[in-house]
Amino acid sequence: MSESSAKHREIARARGPVRVAVVTVSDTRTPETDTNFHYLKPEVERLGHQVVGYRIIKDEPEQVAAALEEMVQAGAQIILFNGGTGIAPRDTTYDVLARKIEKPMPGFGELFRMLSYQEVGAAAMLSRATAGTYRGRVVISTPGSPNAVQVAWTKLIKPELEHLAWEVAR
């Protein structure tokens, strides 16, 4: 890690808890069966951060857009969407978020697909995982499979959570 990255992480850590929101995009999950939220909430809290918003929505463009606005209003600094990133006709999460994102972070999707390739092979190319900024927040969108959420969290989001929140707000 470079000296400047280490310094940025140190400054970010000193700013206190990060406010995170989780949006699960699914036609079938319920609060009881949402394994991704049941995984992410304790992970976020274990780091001393806060989950300030949570919704399960259908993969309908207007619901995706409304959930994004709701999480911004809830004060989330990092908004984690899971689900709806594939290429099936029903998968619209990426399309809505791509229109809303002000500054794309292409490296997130590239790294996610690289990590996914190691696990699922060439099928990783079907993922439209993405990230970027929106109204001073970081928006991250991953596939909805529990394995995809865990890989994205452990390998990409968790190590940079505080740094992401700090960078977008400074």
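Student: Let's start with the largest pocket: how do the residues of its lining divide into nonpolar, polar and charged?

Tutor: There are nine nonpolar, three polar and three charged residues in that lining. Here Ala, Val, Leu, Ile, Met, Phe, Trp, Tyr, Cys and Pro count as nonpolar, Asp, Glu, Lys and Arg as charged, and the others, Gly among them, as polar. Before we go on: this is a predicted model, where local features need pLDDT of at least 70 and side-chain atom pairs count only at pLDDT 80 or more, while totals for chains, interfaces and linings use all residues. Residues are numbered from 1 along each chain as its sequence is written, and side-chain values use heavy atoms, leaving out hydrogens and water.

Student: How should I read a pocket, and what volume does the largest pocket have?

Tutor: Rolling a probe the size of a water molecule over the atoms shows where empty space is left. On a 1 Å grid over the protein atoms alone, a pocket is an open set of points with protein on both sides within 12 Å along at least five of seven lines, a cavity is a set where a 1.4 Å probe fits but cannot get out, and lining residues have an atom within 4 Å of a point. Points are joined across faces, edges and corners, and the volume is the space filled by probe spheres set on them. For the largest pocket that comes to about 210 Å³.

Student: Which residues lie nearest the centre of the largest pocket?

Tutor: Look for Met-105, Phe-108, Leu-156, Glu-160 and Leu-164, out of 15 lining residues. Helix 6 gives the largest share of the lining, eight residues; helices (H or I, at least four residues) and strands (E, at least two) are DSSP runs, numbered from the N terminus.

Student: And what lines the second largest pocket?

Tutor: Its lining has 13 residues, with Phe-112, Ser-116, Val-120, Ser-145 and Ala-148 nearest the centre. The space inside is about 170 Å³. This time helix 5 gives the most to the lining, with five residues. The lining as a whole splits into eight nonpolar, four polar and one charged.

Student: How do I read a nonpolar core, and which members of the largest one touch the most others?

Tutor: In soluble globular proteins, nonpolar side chains tend to be buried together. A nonpolar core is a set of buried Ala, Val, Leu, Ile, Met, Phe, Trp, Tyr and Cys residues joined through side-chain atoms within 4.5 Å; buried means under 20% relative accessible area, exposed over 50%, partly exposed in between (1.4 Å probe, protein chains only). In the largest core, of 26 residues, Ile-78, Leu-80, Phe-108, Ile-140, Trp-153 and Ile-157 touch the most other members. Helix 6 supplies the largest share of this core, ten residues. Apart from it lies another core, of 17 residues, including Val-23, Ala-67, Ala-76 and Val-139.

Student: Is Ile-79 buried or exposed?

Tutor: Ile-79 is buried, at 0% relative accessible area. Ile-79 sits in strand 3 (residues 78–82). Beyond four places in sequence, Ile-79 touches Ala-21, Val-23, Leu-68, Met-71, Val-72, Arg-137, Val-138, Val-139 and Ile-140.

Student: Which residues of helix 4 are buried?

Tutor: An α-helix has 3.6 residues a turn, so residues three or four places apart point the same way. In helix 4 (residues 93–100), the buried ones are Thr-93, Val-96 and Leu-97. Seen down the helix axis, they fall within an arc of 90°, so they line one face of helix 4; the arc is that of the directions from the axis to the C-beta atoms. Strand 1, helix 3 (61–73), strand 3 and strand 6 are among what covers them.

Student: What is the phi of Arg-135?

Tutor: Most residues other than glycine have a negative phi. Arg-135 has a positive phi of about 50° although it is not a glycine. You'll find Arg-135 in the loop between strand 5 (130–134) and strand 6, partly exposed at 46% relative accessibility.

Key
Contact means heavy atoms within 4.5 Å.
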